[in-house]
Each structure stands twice: as C-alpha cells, then as structure tokens.
Amino acid sequence: MNTQFKKGILELCVLCLIKRKDMSGYKLVEELSKYMEVSVNTIYPILRRLTNEGILATYEIYDDTRKRKYYTLSSPGKEFYQQLYDEWNKFNQSVERLLKEENSDE
Amino acid sequence: MNRDLFLRDLRNELTPLTLNEQEQIIDEYLSIFDFKREEGMSDEEIIKELGNPRDIANQFLNEFNIDNNEFRYSQSAQPHNEERRIGLFVFMIIFDVFIGFWLFFSAVVTLFSIAIASVAMIVASPFTFFLSIGVSLLGSFSVFCLILGVGLLLLALSISLSRLLFIGIVKHINWLKSLL
C-alpha cells in the first residue's frame, strides 16, 4: 500500500486509541496489534512527530522506580482528530458507494 | 550485541535530529527493553525483533523529512543539530588560534628550513671536488654523490610534505566553512 496513505490511516488509529485512553507508546503498539500488524518501529516515529506538532502531549508517571511516558491528546489534537475522523468517514463512504455500484453492475 | 550497544548504535544513526529528540527516542526504546525483559525475553531476542538500528533510525528521519542518505554520505554537516555544530565550530576556532595555527606555523618553518638545507647541499656538492684536492678522485666523487643525493632526497621530501600540508589546510578550511 502507498506508505503516505497508510501512515495517514495509522495516524487516525493512533489518535483514536489515545483519545479513548492515555497510554504509553509500548501499550499503544500492543493495542494496535490486536487489530492490525504493526511494529514499534512504525508507530514510534508517528508518535514523535505528532508530539512535535503539538497534537499529542506527554506526561510522566512513576510506577515502582521506573518512569513511564504517557501520551495524551492535546486540545488542538482533539480538534485535529475530529477533522481527520470526518475526512476519513467521508472518504470511506465514497469508496464504499463506488465499490457497491461496481458490484451491482456485474 | 547487548542493550547498551544497540542503543548507542541507534543514537549514532539519529544524529541528524536534535539532542532532545534523540533523547526522547532512546527513552522510548529503553522502555521497550524494560517491558520485554519483564515478559522474559533476552536482550538478543529483543534486538532481533526490533531490527537494525539504521533501519529504525531511517523511519524516524523519514518521518521528520530528513534525507538521511544525503546526510550520511556528504561530508558537510548540513542538517546537523544546530547547537552542536556551533559548539564544534567555536571549539575549532579556539583550537586553531591557540594550537592549530602554531602547529601549522612550525610545520611551515621546518619544511622551509629543510628545503633551504637541501638546496644548499645540491648547490654545494660540486665544491667537494675543490675542497678535497689531494685526496683521491674516487673519494671526492663519492662524497659529492652522497651530498647531492641527500640534498635531492630532502628537496623531494620537503616538496611532497608541503603539498600534503597545503591540501590538509585547504580541507580544514573548507570543513570549517561547512560548519557555518
């Protein structure tokens, strides 16, 4: 699949999961793996970029003696997510309509 | 390969990014080791699963739109992290003013004196015939050959060393320019 396209969709999935619940990068990859085949090496760069763009924010929690970094959606991030979500929905519906029409032609 | 070696390699591959960014990324990978170790995986297994540090770094550099190959293969430190570059430049200028220049200066003086000495030997060599009147012709001829030979050798040496010095200085200056 086109990597740019895939990245955009992955971004949406990442934001959706973090919107539901703040979590660490590692946990996020685990969650995503339940739905699709992803590795930390593809997700971490996306997390870093989204953080740099201010869409995600991070905070640290100490459990035992270790610190864990949690990602959370910032308020501009929430807006961005909604926008991305709507775009995706619209696009998805169009594609589905197109595919169905093709099927009915057969 | 163990964890620290892996993280060091990864950090090396991430040099086009800012120090802070490198720190964040290394931190994330450090926590992967923590999690996976808890699951009972050995460092070797974890590293095998993660893959090659260069490939990992490439994904980050791509995400930040840095052409990593261009960075890697060009000598100029163009997309290099700003503070480090300026720091290196200032350090090199101070080094050059206090040490580098004087090293260069003494090298020039030394080469110049070797060159002068060699010319003097070449010019003076025929005079051995006049000085050694009375001694056998063969003897003065061998002394002549010796002095001429050493003179020519020294001249060749000083010329090639000067060329090397010149090339080195030009490279050094170009490198300093590329830092700015």
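Helices (H or I, at least four residues) and strands (E, at least two) are DSSP runs, numbered from the N terminus. This is a predicted model, in which local features need pLDDT of at least 70 and side-chain atom pairs count only at pLDDT 80 or more, while totals for chains, interfaces and linings use all residues. Residues are numbered from 1 along each chain as its sequence is written, chains are lettered from A and ligands numbered from 1 in the order in which they are written, and side-chain values use heavy atoms, with hydrogens and water left out.

**First stop: a serine in chain B**

Select B:S158, which has its place in helix α8 (residues 137-179) of chain B. Is B:S158 buried or exposed? With a relative accessible area of 2%, B:S158 is buried (buried means under 20% relative accessible area, exposed over 50%, partly exposed in between, with a 1.4 Å probe and protein chains only). Next, show what surrounds this serine. Apart from neighbours within four places in sequence, B:S158 is in contact with B:L111, B:I114 and B:A115, contact meaning heavy atoms within 4.5 Å. B:S158 and B:I114 are 44 residues apart along the chain, and their C-alpha atoms are separated by 6.4 Å.

Move to helix α1 of chain B, residues 3-13, and colour its buried residues: B:R3, B:F6, B:L7, B:L10 and B:E13. These residues lie on the same side of α1(B), because they cover an arc of only 120 degrees around the axis; the arc is that of the directions from the helix axis to the C-beta atoms. An α-helix has 3.6 residues a turn, so residues three or four places apart point the same way. Then select B:N2, which caps the N-terminal end of α1(B), a side-chain oxygen lying 3.3 Å from the backbone nitrogen of B:D4.

Chain A has 4 helices and 3 strands, and along the sequence they follow the pattern α-β-α-α-β-β-α. Of its 106 residues, 36% count as buried. Among contacts in chain A between residues at least 6 apart in sequence, 46% join residues at least 24 apart.

Now select A:S74, in the loop between β3 and α4 (75-105) of chain A. At 14% relative accessibility, A:S74 counts as buried.

**Fourth stop: where the chains meet**

The contact takes 18 residues from chain A and 18 residues from chain B. Together the chains bury about 1,800 Å², 50% of it on carbon and sulfur atoms; buried area is the accessible area (1.4 Å probe) that two parts lose on being put together, summed over both.

Between chain A and chain B the count is 8 residue pairs in polar contact, both at pLDDT 80 or more (a polar contact is a pair of N or O atoms within 3.5 Å; within protein, one must be able to donate a hydrogen and the other to accept it, and residues adjacent in sequence count only if both atoms are side-chain atoms). On the side of chain A that touches chain B, the elements giving two or more residues are α2 (25-33), α3 (40-52) and β3 (66-73). Of these, α3(A) gives the most, with 9 residues.

Finish with B:E28 and A:K69, a salt bridge whose closest N and O atoms are 3.8 Å apart. B:E28 lies in helix α2 (residues 19-38) of chain B and A:K69 in strand β3 of chain A, so the pair joins two chains. B:E28 is buried, with a relative accessible area of 5%, and A:K69 is buried, with 11%.

Technical notes: Salt bridge = Lys/Arg side-chain N within 4 Å of Asp/Glu carboxyl O.
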